[in-house]
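This report describes selected local features of a single model. The sequence and coordinates are shown first.

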Amino acid sequence: MTGSTSVFSSDERRAGTSVVAEALRITGHHRRPVFGSAVLAGAAALLVGGGIVAGAFAASWGLFLEARRAAELAIEYEDSYVAYADQWDSLVKVAFCVVPLLLLGAMVSIAWLLTAQTITVAHARERAAAGTDPAAAPGALTLRALWRRTRPDFGAALRVQLLTLACALVPGLVGLLVLVVVESEMVPGVVWPTYHDPATAQFVLVGRILPLVIWALGLVLLARFSLATAVRVADNSSATAAMRRSWTLTRTARMYTTGIFLLCTVAVSATFMTLKWLGTYVAHWAGLLMLATAGDNVWVTGVLVIITPFAVALVLLPFALAPVGVLLACLRERLDGGTGEARVPSGAPIG
């Protein structure tokens, strides 16, 4: 990208240029920092997440061997069996240790990606503001420079993600609680449907529609806080102040912000499902390898085949999350009127 190439300007904002078009333009002109940060996030997810999962398999290896012995004994005595009946509680304990670690890793990855894309958008704005003056335009944004500039904001960005997750968990858990209460038949007049008793109107309202409404409110909360990381980088504020500022900015454009967030959600979800489908081919070969190395232990192989498609999708998902981060940074800039500090000294070398 040359110094004369305009990314976006105040004239474009007044002309009503789509924020999605701005994000696509920046992503195209700054492919190296946008997708380079995705490569780093994916590599970190592969190393850290793979290490966590490998440790979980190592900790559970004895349980898998015991499941195999129990199954072979049941077959020998011509008795029915459930593979993990005696090992289930121990496997659940391992999962309760692994899942929070993987979730924390995901939060770290998202914090890094959103911070990096906000800096990329700020850098693009500086280059656009410089116009045709090459002396005033900052240099190319290399991955090394991007990494160096994300470090001061990373801690606060991670706190933003954790606070946002805490806010989203409230409606998420409330919706699940409604389902549990209805299934336990603790709500008067609401009975869980069976084969002989179809769903009543009360059950549909309380057991189906109400949880969906509660979860929809959770998505609205996520949309209102989705600009907090970009605000943090632009304004150099604290995590809580950035979340309050994001709430204030999105208040003036609730429907627009929610629509952009839903667009991002649909795009990321579609990408995840596609990558998960592609991951089934990787799971096939991983299963064959596990069978060969584990002495044809179908129990450990079955678990590996189940989780491999999800692992493949999560490792490659940063390539979809990175453009989403650009879009959210552009949306912050649009709603804030471009008043946030870019914190890129004009004309300073970046590489």
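Helix H6 (residues 201-225) contains leucine 221; helices (H or I, at least four residues) are DSSP runs, numbered from the N terminus. This is a predicted model, in which local features need pLDDT of at least 70 and side-chain atom pairs count only at pLDDT 80 or more, while totals for chains, interfaces and linings use all residues. Residues are numbered from 1 along each chain as its sequence is written, and side-chain values use heavy atoms, with hydrogens and water left out.

Apart from neighbours within four places in sequence, leucine 221 has contacts (heavy atoms within 4.5 Å) with Cys167, Pro171 and Trp247.

Accessibility classes follow relative accessible area: buried is under 20%, exposed over 50%, and partly exposed in between (1.4 Å probe, protein chains only).

| Residue | Relative accessibility | Class |
|---|---|---|
| Leucine 221 | 25% | partly exposed |
| Cysteine 167 | 28% | partly exposed |
| Cysteine 97 | 53% | exposed |

With a disulfide taken as a pair of cysteine sulfur atoms within 2.5 Å, the count is 0 disulfides.

## Helices H2 and H11

The axes of H2 (residues 19-29) and H11 (residues 318-335) come within 9 Å and cross at roughly 130°. Axes are lines fitted to C-alpha atoms, for helices over the stretch in contact, and angles run from 0 to 180 degrees between N-to-C directions. Residues in this contact include Val19 and Ile26 of H2 and Leu327 and Arg334 of H11.

Terms used. Helix = DSSP H or I, 4+ residues; strand = E, 2+ residues; numbered from the N terminus.
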